[in-house]
Amino acid sequence: MQISKLDAISTKMNEKDKLIFDRVIQAVQNHDGQYAKLLSNELSQVRKMNSMVDSAKLALEQIQLRLNTMTELGDVVVTLSPAMSVIKGIQGGLSSMMPEADQSLGQISDLLGNIMTG
């Protein structure tokens, strides 16, 4: 929501930038140097503000991307947790019948644990 608000502000600032720029051009064409200088200073301030808005928007977009990544990683953990419990359950039952399977399942369990921890 904040990103869309910043986007709307940026759009308004760009419109204001264009309007002031056109007025600067008109003042220069009319040989009104003082007015052109005044407008150019205002244009400079508008561009600084627009740059700050764009930077804030970019920062919020990066935060949004990181939060989405964290949500996806949370989904992976939710998916892997039951798989780990199943493997540990199978590992206990197979260890007496197939000792080599016990070792392989232990490695898989360790691998899944490392993935979840990571």
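Below is a short chat about a predicted model of one protein chain.

Student: What does the secondary structure of the chain come to?
Tutor: In this predicted model, the chain has three helices and zero strands, and reading along the sequence gives the pattern α-α-α.

Student: And how much of the chain counts as buried?
Tutor: Of its 118 residues, 21% are buried, while the chain as a whole exposes about 8800 Å², with carbon and sulfur atoms supplying 61% of that area.

Student: What share of the contacts comes from residues 24 or more positions apart?
Tutor: Among contacts in the chain with a separation of 6 or more, such pairs account for 60%.

Student: Let's pick a residue. Where does Ser 10 lie?
Tutor: Ser 10 belongs to helix 1, which covers residues 2-29.

Student: Is Ser 10 buried or exposed, and why?
Tutor: Ser 10 counts as buried because its relative accessibility is 7%, and the cut-off for buried is under 20%.

Student: Which residues does Ser 10 touch?
Tutor: Leaving out residues up to four places away in sequence, Ser 10 touches Asn 50, Val 53 and Asp 54. With Asp 54 there is also a polar contact of 3.0 Å, which joins the two side chains.

Student: Okay, now Asn 50. Which helix is that in?
Tutor: Asn 50 sits in helix 2, running over residues 33-94.

Student: Buried or exposed?
Tutor: Asn 50 is buried, since its relative accessible area is 8%.

Student: What is Asn 50 in contact with?
Tutor: Setting aside neighbours within four places in sequence, Asn 50 is in contact with Ser 10, Met 13 and Asn 14.

Technical notes. Residues numbered from 1 in each chain as written. Predicted model: local features only at pLDDT ≥ 70, side-chain atom pairs only at ≥ 80, totals over all residues. Heavy atoms only, no water. Helix = DSSP H or I, 4+ residues; strand = E, 2+ residues; numbered from the N terminus. Buried < 20%, exposed > 50% of the residue type's maximum accessible area, 1.4 Å probe, protein only. Contact = heavy atoms within 4.5 Å. Areas by Shrake-Rupley, 256 points an atom, 1.4 Å probe, with all protein chains shown as cover. Polar contact = N/O pair within 3.5 Å; in protein donor to acceptor, adjacent residues only side chain to side chain.
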